[in-house]
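The following note comments on the fold of the chain shown below. The points proceed from annotation to helix packing and then to the sheet.

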Amino acid sequence: MFWQILVVAIAVAVVAWLWSNAVHNLSVRRISTGFAFLGREAGMPIADSWIDYTPKNTYLRAFIVGVVNTLRVAVIGIVLATVIGTLVGIARLSSNWLLARLAAVYVEVLRDLPLLLQLLFWYVLMQGLPAARQAWKPVDGVYLSNRGLVLPSVPLHEANGWTLAALVAGVIVFLIVRRRLIAQQMLDGKARPVWPYALGLIIALPALVSWLLGASWSVMLPELRGFNFVGGLTLAPEYFALLIALVTYTSAFIAEIVRSGIQAVPRGQSDAAKALGLKRSFVLQHIVLPQALRVIIPPMTSQYLNLTKNSSLAVAVGYQDIVSIANTTLNQTGQAIESIALIMMVFLTISLGISLFMNWYNARIALVER
């Protein structure tokens, strides 16, 4: 105990000395410290924002926009990388020779190229697309040009938000009810239908809230007016290039994790299931993958954290995430320590949140010794 207390005391003393030394040097050079600058007018434009922002807003508002932009990339990127990586990992084990080789090429090429190089490649490719007037139109209402990807959208009003909240609440309650019904079935062996609860909580409840609040779900299609598009949802070239690069790069690593996790399940499990005449898709979904998750989840957590931290490369293509906005703030105010501290706190908070959730899920699916 004595040596542990001594080590902690030395660490605290070193940090305290570094902090006092930094404050002293800043005061000698008459550089202001503290976070009071967050209340001043930012004066910086932010081109791509999902929340209301103008240059007349404060630096605090600009930092919030940066956090939202970072989460836009991290959350959507994690979902897409997981789906694509899982499919590619399963394809690598396919009995179809061509499909397995294509999946192998996908993995080997993308994970061996530096992420920054891939990011610049996609960004240059986006800049080489035709102008808005000659935009590609793969399907009706979808346009791809050097202005980015333009998609149909549904305007989100307050009534729509409450309807979505009712849907999320209904799904959570349904999962709790379903778990209780399964637990009761395990006790008495009597199967209980779950579809009435799904119909009532996931479909009827949001529909009722939408009808009572008068929510509008009309789809807004983008239109070309002049040299740009009006209406719809526009994914800027910087955001689109960053998202594609992060998803493809991370999915290549996830594919290998999924492949190794599936191969870690004893082959006798699959052979026994096939001997019972079960379909291959059923065996993969209900027998192999649930056991493989215990091997997949820990390294998958690291890939989620890597994707989140790699989103800071957005500054290379001009996408204004938390790092880009903090750098601009640093140059305008000179508050270097505070700006860097805010970046560290944002990424630390997001990373700890991902780690806590994945650790909880990993403990939930772990084998329980009896």
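1. Sheet and covering helix. The model is predicted. In it, helix α7, which comprises residues 237–264, lies across β1, β2 and β5. The helix runs at about 65° to β5.

2. Architecture of the sheet. The three strands form an open sheet in the order β1-β2-β5, and their pairing is antiparallel. Because β1 (143–145) and β5 (233–235) stand at the edges with a single partner strand each, one side of each is left without a neighbour in the sheet. Direction ignored, neighbouring strands are turned by 15° against each other on average.

3. Pairing of β2 with β5. Strand β2, residues 148–151, runs antiparallel to β5 and is joined to it by three bridges. Within this pairing, L149 has L235 of β5 as its bridge partner.

4. Packing of α3 against α7. On the α3 side the contact is made by Y106, V107, L110 and R111, and on the α7 side by T248, Y249, S251, A252, F253, A255 and E256. By class, these residues divide into seven nonpolar, two polar and two charged.

5. Packing of α2 against α3. Helix α2 (residues 59–92) crosses α3 at roughly 130°, and the axes come within 7 Å. This pair is therefore oblique as well, and α2 passes α3 in a left-handed crossing. The contributing residues are I84, V88, A91 and R92 of α2, together with L99, A100, A103, A104, Y106, V107 and E108 of α3. The contact has nine nonpolar and two charged residues, with no polar residue. Y106 and V107 of α3 take part in the contact with α2 and in the contact with α7.

6. Packing of α9 against α11. What is the angle at which helix α9 and helix α11 pack? For α9 (residues 280–310) and α11 (residues 336–365) the angle is about 170°, with the axes 10 Å apart. As angles over 145 degrees count as roughly antiparallel, α9 and α11 are therefore roughly antiparallel to each other. From α9, the contact is made by L293, R294, I297, P298, T301, Y304, L305, T308 and K309. From α11, it is made by F347, I350, S351, I354, S355, M358, Y361, N362 and I365. These residues comprise 11 nonpolar, five polar and two charged.

7. Domain annotation. An unreviewed UniProt entry assigns "domain: ABC transmembrane type-1" to residues 67–358. In the model this span is 71% helix and 5% strand, and its end C-alpha atoms lie 21 Å apart.

8. Transmembrane annotation. The unreviewed UniProt entry places the feature "transmembrane region" at residues 60–91, 159–177, 197–219, 239–258 and 340–361. Residues 159–177 are 100% helix and 0% strand, with 27 Å between the end C-alpha atoms. Residues 197–219 are 74% helix and 0% strand, with 29 Å between the end C-alpha atoms.

Notes: Residues are numbered from 1 along each chain as its sequence is written. This is a predicted model: local features need pLDDT of at least 70, side-chain atom pairs count only at pLDDT 80 or more; totals for chains, interfaces and linings use all residues. Side-chain values use heavy atoms; hydrogens and water are left out. Two strands pair if DSSP finds at least two bridges between them. Helices (H or I, at least four residues) and strands (E, at least two) are DSSP runs, numbered from the N terminus. Axes are lines fitted to C-alpha atoms, for helices over the stretch in contact, and angles run from 0 to 180 degrees between N-to-C directions. Contact means heavy atoms within 4.5 Å. UniProt positions are given in the numbering used here, feature names are shortened, and annotations may be inferred rather than shown by experiment. Ala, Val, Leu, Ile, Met, Phe, Trp, Tyr, Cys and Pro count as nonpolar, Asp, Glu, Lys and Arg as charged, and the others, Gly among them, as polar. Angles under 35 degrees count as roughly parallel, over 145 as roughly antiparallel, 65 to 115 as roughly perpendicular and the rest as oblique. A crossing is left-handed if the near helix is turned anticlockwise from the far one by less than a right angle, and right-handed if clockwise.
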